[in-house]
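Let's take a walk through this model together, going from paired charges to backbone and surface. Keep the viewer open and follow along as each residue comes up.

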Amino acid sequence: MKDYIVSATAAGAQIRAFACTTRELVEECRSRHNSSPVITAALGRLLSAGAMMGSMMKGEDDKLTLKISGNGPAGSLIVTVDSLARVKGYAANPAVVIPAKPNGKLDVSGAVGNGTLTVIRDMGLKDPYVGTVDLQTGEIAEDLTYYYAVSEQVPSAVGLGVLMNKDNTVNCAGGFIVQLMPFASDEIIEKLEENLKGISSVTSMLSGGDTPEELLGKVLAGMDIEFTGTMPTEYHCDCSRERLEQVLISLGREELQSMIDDGKEVEVGCQFCNTKYVFQVDELKSLLRKSTRD
Ligand code: ZN
């Protein structure tokens with residue numbers, strides 16, 4: 001099954017909902033960063049949420065960034081997405097290995113620790129919209145639920161999951177975001193809560209062969225679901241040599257000069273996709289000239 005996002009409304013538009021399958025893109029992220037299972041799970045959940053949140057954006061050039069800054073061994077996790085649901089992400093420490101939880105599940109909250117979740121919406125205005133909340137559990141889905149409630153005042157239910165194979169590749173990944181519109185009735189809210197209690201985990205639904213449509217069908221059972229569209233989603237990095245030049249320039253003239261004095265070529269890797277860019281000393285010199293001019 002190729003990665004995609006499905007959107008829907010239910011209960012006469014009192015609910016809007018999204019679900020996705022993201023195995024391919026999470027596996028691509030894993031292989032690019034050679035990440036450990038617990039980091040793949042953490043990043044995979046954040047990438048899945050990011051993909052759905054990206055698909056909700058209206059403007060062609062809109063960008064959204066999810067940043068988790070925790071005090072756990074993973075360090076910070078960053079995911080960026082555009083309005084075509086093209087996502088990319090990385091963890092500060094991709095190789096973290098910690099013991100599983102007593103129930104055998106990967107300990108994502110243990111890797112993340114305590115800290116904050118920040119959502120940055122860049123809609124081409126002068127200042128991006130930034131919302132930060134404290135992490136509630138570090139399991140990511142609950143943290144996004146809390147973010148939506150507190151920062152955007154949109155009551156939501158978020159489910160995310162990544163299941164790993166024994167060989168550390170990704171077996172399945174995906175999730176859902178269900179949101180209540182301001183005019184949702186108490187009856188609908190109760191019904192949704194009841195449904196959410198009754199469903200199994202995202203990974204057991206996906207690994208059991210459920211499509212995103214079937215997943216939403218279970219979350220919104222008996223609520224007159226209407227599917228409104230699908231959108232492909234993929235891992236995509238838009239880095240370029242020019243962008244990495246800017247990174248080098250941003251290090252400052254002193255740093256550039258000291259690289260030039262070292263007399264060796266410099267290799268700079270893109271944090272999001274691990275593509276390596278090599279700069280020769282002559283190129284560093286011309287960057288220095290550029291930065292002096294600016
Ligand atoms: Zn890149």
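A search of the whole structure, which is a predicted model, turns up 12 salt bridges. Arg-243 is partly exposed, at 43% relative accessible area.

Now move to Arg-121, which forms a salt bridge with Glu-152 at 2.9 Å between the closest N and O atoms. Arg-121 lies in strand 6 and Glu-152 in the loop between helix 4 (141–151) and strand 8 (156–164), so the pair ties together parts 31 residues apart in sequence. Arg-121 is buried, with a relative accessible area of 15%, and Glu-152 is partly exposed at 23%. Elsewhere, Arg-45, Lys-101 and Glu-139 are linked in a network of salt bridges.

Helix 2 (residues 37–55) is our next stop. Its 19 residues reach 26 Å from first C-alpha to last, close to the 27 Å expected. Of those 19 residues, 18 are buried, so helix 2 is largely enclosed by the rest of the structure.

Next, a look at the backbone. Most residues other than glycine have a negative phi. Asn-34 has a positive phi of about 50° although it is not a glycine, and its place is the loop between helix 1 (23–33) and helix 2. Ala-85 likewise has a positive phi, of about 60°, in the loop between strand 4 (77–82) and strand 5 (86–91). Are these two buried or exposed? Asn-34 is exposed, at 61% relative accessible area, but Ala-85 is buried, at 0%.

Finally, turn to the surface. Asp-186, Glu-187, Glu-190, Glu-193 and Glu-194 gather there in a patch of negative charge. Glu-193, one of these residues, is in helix 5 (residues 186–198) and counts as partly exposed at 45% relative accessibility. A nonpolar surface patch of about 310 Å² is made by Met-123, Leu-125 and Tyr-129. Met-123 lies in the loop between strand 6 (115–122) and strand 7 (129–134), and is partly exposed at 41%.

Notes:
Residues are numbered from 1 along each chain as its sequence is written. This is a predicted model: local features need pLDDT of at least 70, side-chain atom pairs count only at pLDDT 80 or more; totals for chains, interfaces and linings use all residues. Side-chain values use heavy atoms; hydrogens and water are left out. Patches are made of residues with over 30% relative accessible area and no salt bridge: like charges are joined within 9 Å, nonpolar side chains (Val, Leu, Ile, Met, Phe, Trp, Tyr) within 5 Å. Accessible areas come from the Shrake-Rupley method with a 1.4 Å probe; for residues, only the protein chains shown count as cover. A salt bridge is a side-chain nitrogen of Lys or Arg within 4 Å of a carboxyl oxygen of Asp or Glu. Lys and Arg count as positive and Asp and Glu as negative; His and the chain ends are not counted. The place of a charge is taken as NZ of Lys, CZ of Arg, CG of Asp or CD of Glu. Helices (H or I, at least four residues) and strands (E, at least two) are DSSP runs, numbered from the N terminus. Buried means under 20% relative accessible area, exposed over 50%, partly exposed in between (1.4 Å probe, protein chains only). The expected span of a helix is 1.5 Å times one less than its number of residues.
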